[in-house]
Amino acid sequence: MRIVVAEDLYLLRDGMVRLLEAYGHQVVATATTGPETLDVLLTQRPDVAVVDVRMPPTQSDEGLRAALDARRRVPGLPILILSQHVEQLYARELLADGTGGIGYFLKESVFDADQFVDALERVAGGGTAMDPAVIAKLLSSGTSNRRLERLTEREHDVLGLMAEGLSNQAIGQRLFLSESAISKHTTSIFGKLGITDDGNNNRRVLAVLTYLNNA
Amino acid sequence: MEREGTRTRQPLSWAASAAVGFVRSCVVLVVSMLVPAVWAAAAGLWMWWWGGNPWPAIAPVVWACVGTLALVRPICRMTRFLVAKWTGTVIPPGYRQAGPVMRMSTGYWWNGFSYERTSRDARRDQRMRLWWSDPATWRDLRFALIAPFTMGLVAAVPPAGVVAAVVGFGHPAPSMRLIGALGVVVAIAAAPYAWRPVRPVAVRFLRPSPAMALADRVDELTAQRADTTVAQAAEIRRIERDLHDGAQARMVALGMSLATVEKLMETDPDRAKALLREARAGATASLAELRDLVRGISPPLLTERGLVDAVRALALDSPLETAVSVDLGLRLDPPIESALYFGVAELLTNAAKHARATRAGISIARTDAGIVVDVADDGTGGAGARAGGGLDGLRRRLATFDGTLEITSPAGGPTHVRMVVPCESL
């Protein structure tokens, strides 16, 4: 894959480039500031970009804004946002346009490199990838708890993985279950929560997250 | 030789002090008698123009009152100026400061009291109201009324002696000549001392009243509190940023390296090994960074051993050849120790970085004024507390404890900075 890496700290940029190259991907460009990120995203049109939230010149959410800006101009441009902390607010902003090809991860999710590269490929393919930490926070918030108490423990797990953006097949692999078993669980979940499932992973993530957010 | 010198010098210096004293007495007399002069003029006018009729007396009385009120503040300013010039005693004026005059969206001007059509009206109105409501005005008035009967009366002695001499010697009668001679003696004897009551009288009656001092103190503390809040917020943001870009980022990089190594183990063991070595170095570096950060928040040595040893350690770490002399055995309050420690650290850094000094001297001593910390260097000087700069920040930090910062740093050096923190608690 052709990848753009936007990260202002040399150490992390360098580490990320080496990791991606070790997995046989090609880093076509790097960026170190918000405006530069936007510029590189629009000129390079990478298969996927890894973008840090906090970047110069303001050291605020420059990277996030560059990513949102780029996706406004090129809908569906696959971007994976990396941050040292995860915020529901950012997740909602990223998912708001509903076009998919978006990911939001804690930086340490990179430590499990296989899963990280999996997620990156999923985003490149137009899917959604949410950090388990974001989802865990969502699922454990007070109001969610009340509305989700009708789900069984297994259904709870499936819902979390669904929200992370995994397909039924991937969820099955994680939970060591068959795809058809997962299918049964999802149907049951949607039935209990009153959400319709049209089989599209992105819309499914969105539906689940919207449900949880509005809970 | 020496004896003869002092013998001739003594009368000379005495004559000089008598002459200076005479001039000063005259000045004091004039200043303190301005208000009585206005009233005398009004009375004279009344007698001369209206022949002493009781009813028209109202007009001269009103004029005299207006004249008194107008003269009060200049008289007090002059007295304060004279006392400061002659005795070095500075008496704070304690007048209320005018607030800003702002133009509102309606086009009118707001001066803190009322709306006016023009900025000139607003300012005039503000001046009048401030003058009227300022307790300092009433204090000044009281002083102007007391001054003629205290310092004015005493200061009148030498000029009165001279007048007596002139009148006395103008008459042929021997008794009058005696009075004239007496006048000369009194004038010369009293001259060096007659102006001196101006200081105690001014200090007693012109200094800000307790209420005014209290109001000033409240203003000062309000400003300090705001400063402290801002400084604290900035400090916390600095710590967050240092952690985010420093230790936290290094840990992430370390994890990334390990993930890469895991992948490379199978395909490229040599590169994996090199990466592992880098990762180990990264772990060491991140520990060092964390240590520096902790030291920047609260130096462990300061907690464990107190200001003196912490400053000694600072001197050892400094690139400058630094001597520390200490006359202080006790531990101070931790916040004061911390403020002084970071003050010394900042000054040493400045000396090395900006003034390119090679040597520095630090002395810590306890005096009646409190804890006095002197930091001197042989650098290029030119240091000053610019708004928002490091020294300005230091001054604010010390101000929280009513401490002061004195900077003596001529261009070309050397620089000498003194931090004083009053310390009754010890």
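Predicted model: local features only at pLDDT ≥ 70, side-chain atom pairs only at ≥ 80, totals over all residues.

1. Chain A has 215 residues, of which 43% are buried, and its secondary structure consists of 11 helices and 6 strands. Chain B has 426 residues, 24% of them buried, with 16 helices and 8 strands. Among contacts with a separation of 6 or more, those between residues 24 or more positions apart account for 62% in chain A and for 67% in chain B.

2. Where the two chains meet, 15 residues of chain A are in contact with 16 residues of chain B. On the chain B side, helix H10 (210-245) and helix H11 (247-267) each supply at least two of the residues that touch chain A, and the largest share, 14 residues, comes from H11(B). Sorted by class, this side of chain B has 7 nonpolar, 5 polar and 4 charged residues.

3. H11(B) also packs against helix H12 (residues 269-297) of chain B, at an angle of about 165° and with the two axes 9 Å apart. An angle over 145 degrees counts as roughly antiparallel, and H11(B) and H12(B) are therefore roughly antiparallel to each other. The crossing in which H11(B) passes H12(B) is left-handed. The contact between these two helices has 17 nonpolar, 4 polar and 4 charged residues.

4. From H14(B), the residues Leu307(B), Ala310(B), Val311(B) and Leu314(B) meet Glu337(B), Leu340(B), Tyr341(B), Val344(B), Ala345(B) and Leu348(B) of H15(B). By class, the residues of this contact divide into 9 nonpolar, no polar and 1 charged.

5. In chain A, helix H3 (residues 62-73) has 12 residues and reaches 17 Å from its first C-alpha to its last, which is close to the 16 Å expected at 1.5 Å a residue. Its buried residues are Glu62(A), Gly63(A), Leu64(A), Ala66(A), Ala67(A), Ala70(A) and Arg71(A). What do the buried residues of H3(A) pack against? They pack against strand E1 (2-6), helix H2 (34-44), strand E3 (48-52), strand E4 (79-83) and helix H4 (88-95) of chain A.

6. Arg204(A), in helix H11 (residues 201-214) of chain A, is a charged residue that deserves a look. Is Arg204(A) buried or exposed? Arg204(A) has 22 other C-beta atoms within 10 Å and is therefore buried, the cut-off for that class being 20 or more. Not counting residues up to four places away in sequence, Arg204(A) touches Met162(A) and Asp197(A). Arg204(A) and Gly165(A) are 39 residues apart in sequence, with their C-alpha atoms 8.2 Å apart in space.

7. Ala411(B) is found in the loop between strand E7 (404-408) and strand E8 (415-421) of chain B. Ala411(B) is exposed, because 8 other C-beta atoms lie within 10 Å, and 12 or fewer is the cut-off for that class. Leaving aside neighbours within four places in sequence, Ala411(B) is in contact with Gly381(B) and Gly382(B). Gly379(B) is 32 residues from Ala411(B) in sequence and 9.7 Å from Ala411(B) in space, C-alpha to C-alpha.

8. Most residues other than glycine have a negative phi, and most peptide bonds are trans. Pro56(A) and Pro57(A) are joined by a cis peptide bond, with omega about 0°, and Pro57(A) has its place in the loop between E3 and H3 of chain A. Arg45(A) has a positive phi, near 45°, and lies in the loop between H2 and E3 of chain A; with 14 other C-beta atoms within 10 Å, Arg45(A) is partly exposed. Phe176(A), also not a glycine, has a positive phi of about 55° and lies in the loop between helix H9 (168-175) and helix H10 (179-193) of chain A. Phe176(A) counts as exposed, with 7 C-beta neighbours inside 10 Å.

Definitions and conventions: Residues numbered from 1 in each chain as written. Chains lettered and ligands numbered in written order. Contact = placed C-beta atoms within 7 Å. Helix = DSSP H or I, 4+ residues; strand = E, 2+ residues; numbered from the N terminus. Axes fitted to C-alpha atoms, helices over the stretch in contact; angles between N-to-C directions. Parallel < 35°, antiparallel > 145°, perpendicular 65-115°, else oblique. Left-handed = near helix turned anticlockwise from the far one by under 90°. Expected span 1.5 Å × (residues − 1).
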